[in-house]
Amino acid sequence: MEICPVSGRFPAIPFRFSQSLTDFSTQSRRMSPFCLKVPSNIFRSDADSGQLESRMFILGMGFVGQFFAKELQRQRWVVSGTCTSIGKKKKLEEMGFDVYVFNANEPDPEVLNILNYHTHVLVSIPPVVGIGDLMLRHEELLKNILTGGNLQWLCYLSSTSVYGDRGGEWVDEDYPITPASELAKARLVAEEGWLNLGCDLRLSTQIFRLGGIYGPGRSAIDTIIKQEPSSEVQKMRSSKRYTSRVHVADISQALNAAVHKPSLGKIYNIVDDDPSPRTEVFMFARNLIEKKWPGQIKQARSLDRVESLMPKGSSRDGKRVSNARMKRELEVRLLHPDYRSGLQSIVEHIDDSFLYNPPS
Ligand SMILES: NC(=O)c1ccc[n+]([C@@H]2O[C@H](COP(=O)([O-])OP(=O)(O)OC[C@H]3O[C@@H](n4cnc5c(N)ncnc54)[C@H](OP(=O)(O)O)[C@@H]3O)[C@@H](O)[C@H]2O)c1
C-alpha cells in the first residue's frame, strides 16, 4: 500500500510541495480568520536566499517529537508544537520551541490555525481505543481551517502493530494487514484518515510505521536502573520471538530524509535490522550495566521467568518487519542497526549520578 487508499483521490492539480514560499507571510495573514497568537520569529527569513525558512509544527511533542524538534532546531528550522500541560509547555519553551497546550479531544481552532503558518506538520498523537484518532473526529474543522494554507508536508506516526502477529514471518509495507488488537485497528483507521486528509489538502503525506521506540531516557537500561515494573504491553512483548524496535535517533533521521523526499501517500516501516526477543535485549542491557557499574544494580525481576509463564506457539512469534523500503527510498543509513549498538551508546552517555538518583 503506497498511494492514497481512496482511488482517484489525488487530483490533477499540483500538490503544494512544489509551490514557492516567497509570498508566504502576506498570504497567511490575509487568509487568517482567527485572532492569532503567532510567534514573532515565524516570519524569519533566510538571509541568503531571501526565502522564508521551513517551519515544522509537531502535534504531540512527546519522546519522538522532542528528539526530532531538537534536530530541526540544529538545522535552523522554526519549530512549534503542542503538549497537554502547562508544566511541559514551560520546559519546551525553555528549549526554544513555540508550544501550545492542546487537547486533541477538543481542538482549539486558534491553535489549528497556527498550523497554517507552517510548511510541515508531524502528527504524533496516538489514537484511543473505542474513540479512534482524536483529531480526525474533527476532520471537517481541520479541512476548513487548513484548506488554502501553507502546509506542504504531513507525516503521521503509526505503528508496526497494524500487521498483527504473523508467526515470525517477514512483513513489508505491501503485506496484507490484519491488526489484532483494538488499538492496532484504530491505528489502521487513523492511517487511512490522515492519508485521505493529506490528499484532500494536496499535501505530501507519509505514514511511518514505527517499531518499539527506545533511546536515551527510555530503554531497557533505564527500566533496569529505575527498577520499573513491566507494563502489560511489555509483558506481552516478552513472550514474542521477534519484536521490532528502532532507536529514536534513527526515526529522527528517517523523518529528516522524508522531509527532503516528499511523496504522495507513501508508507514506510521504520525499524532496525534485527528483530529480537525482549528478553535477549534485557539480558544484554543487564550485562552492560553490570560491566559499567559492577555489583550496583539489584537483580531485576527475571524476564526469563515472565517468558516461561507465557503461552508458546506460532501465535507468539510476532513478526519480522522489513526496513528495505526505508533504506532504498529514503536512503537511511541506520545509526543503530541493532539494539546492541543502541544500548551501548545509551549506557556510554549515562553518568553515575543517574544510577544513584534516576529521574522518576
Ligand atoms: N512507544 C512505542 O514503542 C511506539 C511504537 C510505535 C508507535 N508509537 C506511536 O508513535 C508516536 C510517537 O511515539 P512517542 O513515544 O513519541 O509518544 P509519546 O511520547 O507518548 O508522545 C505522544 C504525544 O501525544 C500527546 N498527546 C497524547 N494524548 C493527547 C491528547 N488527548 N491531546 C493532545 N495531545 C495528546 C502527548 O502530550 P504530552 O506531551 O503532554 O504528554 C505527547 O506529546 C505515538 O503516536 C505513539 O503511540 C509508539
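I took helices (H or I, at least four residues) and strands (E, at least two) as DSSP runs, numbered from the N terminus.

**Entry 1: what I am looking at.** I note that this is a predicted model, where local features need pLDDT of at least 70, side-chain atom pairs count only at pLDDT 80 or more, and totals for chains, interfaces and linings use all residues. Residues are numbered from 1 along each chain as its sequence is written. I found 14 helices and 11 strands in the protein chain. For burial I used C-beta atoms placed from the backbone: a residue is buried if 20 or more others lie within 10 Å of its own, exposed if 12 or fewer, and partly exposed in between. On that scale, 41% of the 360 residues of the protein chain count as buried. I called two residues in contact if their C-beta atoms, placed from the backbone, lie within 7 Å. Of the contacts in the protein chain with a separation of 6 or more, 80% join residues 24 or more positions apart.

**Entry 2: Asp272 and Arg245.** I looked up Asp272 and found it in the loop between strand S10 (264–270) and helix H10 (278–292). Asp272 is buried, because 24 other C-beta atoms lie within 10 Å. Leaving out residues up to four places away in sequence, Asp272 touches Arg245, Val246, His247, Asp250, Leu334, His336, Pro337 and Asp338. I also noted that Asp272 and Tyr339 are 67 residues apart in sequence, while their C-alpha atoms are 8.1 Å apart in space.

I then turned to Arg245, which is found in strand S9 (residues 245–247). Arg245 has 26 C-beta neighbours inside 10 Å and therefore counts as buried. Again not counting residues up to four places away in sequence, Arg245 touches Gly211, Gly212, Tyr214, Val271, Asp272 and Tyr339.

**Entry 3: H10 against H13.** For helix pairs I used axes that are lines fitted to C-alpha atoms over the stretch in contact, with angles from 0 to 180 degrees between N-to-C directions. H10 and helix H13 (residues 339–348) pack at an angle of about 30°, with their axes 10 Å apart. H10 and H13 are therefore roughly parallel to each other, given that angles under 35 degrees count as roughly parallel, over 145 as roughly antiparallel, 65 to 115 as roughly perpendicular and the rest as oblique. The contact is made by Val281, Phe284, Ala285, Leu288, Ile289 and Lys292 of H10, and by Tyr339, Arg340, Leu343, Gln344 and Val347 of H13. I sorted these residues of the contact of H10 with H13 into eight nonpolar, one polar and two charged, where Ala, Val, Leu, Ile, Met, Phe, Trp, Tyr, Cys and Pro count as nonpolar, Asp, Glu, Lys and Arg as charged, and the others, Gly among them, as polar.

**Entry 4: the ligand.** I found that 24 residues surround the ligand, the closest being Gly60, Gly62, Thr84, Ala104 and Pro126; a residue counts as near if its C-beta atom, placed from the backbone, lies within 6 Å. The elements that give two or more residues to this shell are helix H2 (63–74), strand S2 (78–83), strand S5 (153–159) and strand S8 (212–214). The largest share, three residues, comes from H2. By class, the shell around the ligand has 12 nonpolar, 11 polar and one charged residues.
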